[in-house]
Amino acid sequence: MTGAGRKLRLALLFGAVGMLAACQSSQMMNQNVVSIDATQGSEQNIASLTNVIAANPNDPEAYNVRGAAYGRAGEDRRAMEDFNKAIALNPNYYQAYANRALIERSLGQRMDALNDYNRALQINSNYDVAYIGRGNLYREAGQQNDAFNDFTRAIQLNTTDARAYHNRGLIYQQRGQQELAIADFSKAISLSPKAPQPYNGRGVSYLALNDDQNARADFDKALALDQQNAESWANLGLIFERQGDFTKAASYYQQAKRLNPNYQPALQGLQRTIGSA
């Protein structure tokens, strides 16, 4: 390869790291309505909760819990009905406002979601879940500073929700503050060690610092946790590409493309490596 060719490849690889970081910003950890057992959305559990409501028709907590179960099961309309009922029975039920906001967000009703998060925080200004939820809304709207402030507020409240650290880490990453991003991703990992996203996030920051060894360890861990994550395959592809193993890199990009045909880092990686394989 000529000197000019090497310079071009280095420029493309540098851009690829930036692309991974940008795509990281669109990845989110699981946004469940509430932290509940995986069986809570089962028909049996919903039936049991319905019996509880039949025996206690004016208990807002029962509606809130069943609404969360419906949310887990993907039954958004029924979840909304239950959260509406919980709020009607207790207008100061801040958890129900935050839960309803998450359903509204999933339905694309962003202003309604924002209003509900704001209402939850008016009732309880120390409710970390609402800060994290509102921060995610701000991130999606491109309001990075507002999002950063909300995630930081949740962290100041000693949240144990890994999403606050993971999502703030993504913002640090976008700002080029890789050491701070790594610290936040590491905290997210300590709180949620089986979630692949913080490993991917931390790996991208290590890549930006040219620490390929730690980056590969994180991407390997992310892939071990979730074989169906296109991001992890593409991230490892970039590691092999940086090492000059274009054949292996292309195979990883191909797997990422199979999992997500529109994943840009994989498509661009294939464009760079197929000709060199």
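This section describes the helices of a predicted model, their packing, and selected residues in helices and loops.

The protein contains 15 helices and 0 strands. Of its 277 residues, 50% are buried. Among contacts between residues at least 6 apart in sequence, 54% join residues at least 24 apart.

The crossing of H3 and H4 is left-handed. On the H3 side, the contact is made by Pro60, Tyr63, Asn64, Arg66, Gly67, Ala68, Tyr70 and Gly71. These residues meet Arg78, Ala79, Asp82, Phe83, Lys85, Ala86 and Leu89 of H4. By class, the contact of H3 with H4 holds 8 nonpolar, 3 polar and 4 charged residues.

The loop between H3 and H4 includes Gly74. Gly74 is exposed, with a relative accessible area of 52%. That value counts as exposed because the cut-off is over 50%. The C-alpha atom of Gly74 is separated by 9.6 Å from that of Ile103. Along the chain, Gly74 and Ile103 are 29 residues apart.

The second pair is formed by H7 and H8. H7 covers residues 128-140, and H8 covers residues 144-156. The two axes come within 8 Å and cross at roughly 165 degrees. This angle makes H7 roughly antiparallel to H8. The crossing of H7 and H8 is left-handed. H7 contributes Asp128, Tyr131, Ile132, Arg134, Gly135, Asn136, Tyr138 and Arg139 to the contact. H8 contributes Gln144, Asp146, Ala147, Asp150, Phe151, Arg153 and Ala154. The residues of the contact of H7 with H8 comprise 6 nonpolar, 3 polar and 6 charged.

Asn158 sits in the loop that joins H8 to helix H9, which covers residues 162-174. Its phi is near 65 degrees, a positive value in a residue other than glycine. Most residues other than glycine have a negative phi. Asn158 is exposed, and its relative accessible area is 65%.

Asn210 was examined for the corresponding features. It lies in the loop between H11 and helix H12, the latter covering residues 212-225. The phi of Asn210 is near 60 degrees, again a positive value in a residue other than glycine. Asn210 is exposed, with a relative accessible area of 61%.

Two serines in helices were then considered. Ser190 belongs to helix H10, which runs over residues 178-191. A polar atom of the Ser190 side chain lies 2.6 Å from the backbone oxygen of Lys187. The C-alpha atoms of Ser190 and Thr160 are separated by 9.9 Å. Ser190 and Thr160 are 30 residues apart along the chain.

Ser205 is located in helix H11, which covers residues 196-208. Its relative accessible area is 0%, so Ser205 is buried. The cut-off for burial is under 20%. Neighbours within four places in sequence were left aside in listing the contacts of Ser205. The remaining partners are Gln173, Gln178, Ala181, Ile182 and Phe185. Gln178, Ala181, Ile182 and Phe185 fall within the residue range of H10, 178-191.

H14 spans residues 246-259, and H15 spans residues 264-273. Their axes come within 9 Å and cross at roughly 150 degrees. H14 is therefore roughly antiparallel to H15. The crossing of H14 and H15 is left-handed. From H14, the contact draws on Phe246, Ala249, Ala250, Tyr253, Gln254, Ala256 and Lys257. From H15, the contact draws on Pro265, Ala266, Leu267, Gly269, Leu270, Arg272 and Thr273. The contact of H14 with H15 divides into 9 nonpolar, 3 polar and 2 charged residues.

How values were computed. Residues numbered from 1 in each chain as written. Predicted model: local features only at pLDDT ≥ 70, side-chain atom pairs only at ≥ 80, totals over all residues. Heavy atoms only, no water. Axes fitted to C-alpha atoms, helices over the stretch in contact; angles between N-to-C directions. Helix = DSSP H or I, 4+ residues; strand = E, 2+ residues; numbered from the N terminus. Parallel < 35°, antiparallel > 145°, perpendicular 65-115°, else oblique. Left-handed = near helix turned anticlockwise from the far one by under 90°. Contact = heavy atoms within 4.5 Å. Nonpolar A, V, L, I, M, F, W, Y, C, P; charged D, E, K, R; others polar. Polar contact = N/O pair within 3.5 Å; in protein donor to acceptor, adjacent residues only side chain to side chain. Buried < 20%, exposed > 50% of the residue type's maximum accessible area, 1.4 Å probe, protein only.
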